[in-house]
Amino acid sequence: MTVQSPSSPVPNAFELLCVQYAKRLPARLEDLAGPARGTVDLPLHVVWSGRRSYGLEQPRSRMSLYRTVLAEGQRQDLIDFLNRDLLLAQWPVLRTLISRPIRDVWEAAFPELTTASAATAA
C-alpha cells in the first residue's frame, strides 16, 4: 500500500491555534467593553473548573482573568469581559504570560499592542 503525500502541506499545531484564536478576535480594540473595576464572575463555558471570580483592583487577579479570557473565551466573552484600556496597560507583562499563538494573533491584528509594549520597554 502506497501513501500519497497531500497536495498542500498539513498545517502544524501552531498554525491551527493561530487560526482558532484569530476567529475569536473582536473587530477593534474599542469593542472591548468589559468592566474596569469591581468583580468579574466568569461563566462556566469560559472557566469550567477552579476560580471563577476575579477582582479587577488586584493586579494578579486581573492578570489571571485576562489570561483566562484570552485563552478560553469566545468573541463575545472577549468583548464582555476585557476592557480596552486595561488590556493596553497590562499588555507588556500579559504578553509574556500567554501562549505564543495568542500573543502573535493579537499583536498582528492590533499593532497598538506592540506600541504599548515598546513604550513600556523604552
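**Contacts, packing and burial in a predicted model**

User: How much of the contact set with a separation of 6 or more comes from residues 24 or more positions apart?

Analyst: In this predicted model, residues 24 or more positions apart account for 61% of the contacts with a separation of 6 or more.

User: What makes up the secondary structure, and in which order?

Analyst: There are 6 helices and 2 strands. Along the sequence the pattern reads α-β-β-α-α-α-α-α.

User: What makes the contact between α1 and α5?

Analyst: From α1 come Phe14, Leu17, Cys18, Tyr21 and Ala22. They meet Arg100, Pro101, Ile102, Asp104 and Val105 of α5. By class, this contact of α1 with α5 has 8 nonpolar and 2 charged residues, with no polar ones.

User: Why does valine 105 count as buried?

Analyst: Valine 105 sits in helix α5. Its relative accessibility is 9%. The cut-off for buried is under 20%, so valine 105 qualifies. Leaving aside neighbours within four places in sequence, valine 105 is in contact with Cys18, Tyr21, Ala22 and Leu25.

User: How do you know that valine 105 and cysteine 18 are apart in sequence, and what is their spacing in space?

Analyst: Compare the two values. Valine 105 and cysteine 18 are 87 residues apart in sequence. C-alpha to C-alpha, they are 6.1 Å apart.

User: Why is glutamate 15 called partly exposed?

Analyst: Glutamate 15 lies in helix α1. Its relative accessible area is 39%. Buried would need under 20%, and exposed over 50%. The value falls in between, so glutamate 15 is partly exposed. Its C-alpha atom is 7.9 Å from that of proline 101, a residue 86 positions away along the chain.

User: What makes α2 roughly perpendicular to α4?

Analyst: Again, the angle decides. α2 and α4 pack at about 90 degrees, with their axes 11 Å apart. The range for roughly perpendicular is 65 to 115 degrees, so α2 is roughly perpendicular to α4. On the α2 side, the contact is made by Arg62, Met63, Tyr66, Arg67 and Leu70. On the α4 side, it is made by Leu86, Leu87, Gln90, Trp91, Val93 and Leu94. By class, the contact of α2 with α4 has 8 nonpolar, 1 polar and 2 charged residues.

User: Threonine 68 and glutamate 72 both come up in α2. Why are they classed as they are?

Analyst: Threonine 68 has its place in helix α2 (residues 59-72). At 17% relative accessibility, threonine 68 falls under the 20% cut-off, so it counts as buried. Glutamate 72 also lies in helix α2. Its relative accessible area is 33%, which lies between 20% and 50%, so glutamate 72 is partly exposed.

User: Why is leucine 56 called buried?

Analyst: Leucine 56 is found in the loop between β2 (53-55) and α2. Its relative accessible area is 2%, under the 20% cut-off, so leucine 56 is buried. Not counting residues up to four places away in sequence, leucine 56 touches Pro35, Ala36, Arg37, Gly38, Val40, Arg62 and Leu65. Leucine 56 and glycine 38 are 18 residues apart in sequence, and 5.6 Å apart from C-alpha to C-alpha.

User: Which residues touch the most other members of the largest nonpolar core?

Analyst: Leu42, Leu70, Leu87 and Trp106 do, out of 30 residues in that core. Helices α1, α2, α3 (75-81), α4 (84-94) and α5 each supply at least two residues of this core. Leaving aside neighbours within four places in sequence, leucine 42 is in contact with Val47, Arg52, Tyr54, Leu65, Thr68, Val69 and Phe81.

User: What share of the protein counts as buried?

Analyst: Of its 122 residues, 39% count as buried.

How values were computed: Residues numbered from 1 in each chain as written. Predicted model: local features only at pLDDT ≥ 70, side-chain atom pairs only at ≥ 80, totals over all residues. Heavy atoms only, no water. Contact = heavy atoms within 4.5 Å. Helix = DSSP H or I, 4+ residues; strand = E, 2+ residues; numbered from the N terminus. Nonpolar A, V, L, I, M, F, W, Y, C, P; charged D, E, K, R; others polar. Buried < 20%, exposed > 50% of the residue type's maximum accessible area, 1.4 Å probe, protein only. Core = buried A, V, L, I, M, F, W, Y, C linked by side-chain atoms within 4.5 Å. Axes fitted to C-alpha atoms, helices over the stretch in contact; angles between N-to-C directions. Parallel < 35°, antiparallel > 145°, perpendicular 65-115°, else oblique.
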